[in-house]
Amino acid sequence: MNLTINQSGDGIKRLLIIGTSGHGKSVLDCVLAANQYETVVFATKDPPCPELAGYPVFYEQEHDIESLRNCCDEFIVAIGDNCLRWEIFNRYLQKDLKPAVIIHPRAAVSPLAQIKAGTVIHCNAVVGPFAAVGHCCIINTSSVVEHDCVINDAVHISPGAALGGGVSVGQKSWVCIGSSVANNLRIGSNSVIAAGAAVINDIPDNVLAAGVPAIIKKQI
């Protein structure tokens with residue numbers, strides 16, 4: 001799958017944001033700051049209020065994806081849970097909806113970086129040269145993804161987290177708030193780096209690592 005989208009948004013007018021929780025609100029903030037879309041519509045599986053910040057909210061179980069496709073040009077999944085976000089992203093892809101790339105105008109994204117479809121890059125985040133960010137990722141507020149990093153699909157880099165140059169993060173892993181990862185290390189898939197951790201060694205798949213320096217606490 002290679003769905004890299006034109007980041008300029010030329011010709012794109014209507015966006016569907018899937019999710020109305022705190023992360024959905026943060027994504028809306030990025031969308032409004034970027035001034036990329038004329039119309040924003042929300043969808044949720046939870047019984048919604050009729051609107052969020054003046055934008056309509058649809059209860060997804062009452063509106064099939066075909067109907068949602070008719071009201072948007074692109075979609076973004078604004079759900080913090082990596083596994084759920086990835087599942088919904090792929091379900092909408094199978095219905096031929098087009099995923100967006102959302103980049104806050106105060107993010108610093110190198111023109112030499114690659115950002116794939118479905119990803120949101122938040123305010124004050126940094127993505128360095130030759131970094132590669134996969135599909136459906138969250139590069140959250142004031143996080144740093146330095147040069148030559150490889151961020152695989154459905155990863156969340158939380159606010160204030162910092163990855164040194166050449167770090168690789170496996171699919172659906174979560175690097176939590178305020179943590180740091182030294183240069184050229186590998187974080188496995190489906191792993192969690194706890195808040196405030198300092199990673200100085202490779203971390204395998206399916207573990208929780210925490211502490212300074214970070215050590216493996218348990219399998220997950």
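Reader: Which residue just after α1 takes a positive phi?

Author: Asn35 does, with a phi of about 50 degrees. Keep in mind that this is a predicted model.

Reader: Now the helix itself. What span should α1 have, and what does the model show?

Author: Count residues, then check the ends. Helix α1 covers residues 22-34, which makes 13 residues. At 1.5 Å a residue, they should span 18 Å. The end C-alpha atoms of α1 are 19 Å apart, which agrees.

Reader: Which residues of α1 are buried?

Author: Start with the general idea. An α-helix has 3.6 residues a turn, so residues three or four places apart point the same way. Here the buried residues of α1 are His23, Gly24, Val27, Leu28, Cys30 and Val31. They cover an arc of only 160 degrees around the axis, which puts them on the same side of α1.

Reader: Next, the cores. Which residues have the most contacts inside the largest nonpolar core?

Author: The general idea again comes before the case. In soluble globular proteins, nonpolar side chains tend to be buried together. In this model the largest nonpolar core has 32 residues. Ile151 and Leu163 have the most contacts inside that core.

Reader: On to strands. In what order do the six strands of the open sheet lie?

Author: Strands of a sheet pair through backbone hydrogen bonds, either parallel or antiparallel. Here the order is β7-β10-β13-β16-β19-β22, and the pairing is parallel. The edge strands are β7 (108-109) and β22 (198-199). Each of these edge strands pairs on one side only.

Reader: How many bridges join β10 to β13?

Author: Two bridges do. Strand β10 is residues 126-127, strand β13 is residues 144-145, and they run parallel. For one partner pair, find Val127: its bridge partner in β13 is Val145.

Reader: Last topic. How many salt bridges does the structure hold?

Author: Four. Let us read some of them, including the one between Glu38 and Lys13. Their closest N and O atoms are 3.7 Å apart. Glu38 lies in the loop between α1 and β2 (39-44), and Lys13 in the segment before β1 (14-18), so the pair ties together parts that are 25 residues apart in sequence.

Reader: Are Glu38 and Lys13 exposed or partly exposed?

Author: Glu38 counts as exposed because its relative accessibility is 63%. Lys13 counts as partly exposed, at 40%.

Reader: Which residue meets Arg91 in a salt bridge?

Author: Glu87 does, at 3.5 Å, N to O. Both sit in helix α3 (residues 82-94), four residues apart, so about one helical turn separates them. Arg91 is partly exposed at 22% relative accessibility. Glu87 is partly exposed at 40%.

Reader: Where do Asp205 and Arg186 lie?

Author: First, the contact. Asp205 and Arg186 form a salt bridge with closest N and O atoms 3.2 Å apart. Asp205 lies in the loop between β22 and β23 (207-210), and Arg186 in strand β20 (residues 186-187), so the pair ties together parts that are 19 residues apart in sequence. Asp205 counts as partly exposed, at 33% relative accessibility. Arg186 is partly exposed too, with a relative accessible area of 38%.

Note on methods: Residues numbered from 1 in each chain as written. Predicted model: local features only at pLDDT ≥ 70, side-chain atom pairs only at ≥ 80, totals over all residues. Heavy atoms only, no water. Core = buried A, V, L, I, M, F, W, Y, C linked by side-chain atoms within 4.5 Å. Buried < 20%, exposed > 50% of the residue type's maximum accessible area, 1.4 Å probe, protein only. Expected span 1.5 Å × (residues − 1). Arc of directions from axis to C-beta. Pairing = 2+ DSSP bridges. Salt bridge = Lys/Arg side-chain N within 4 Å of Asp/Glu carboxyl O.
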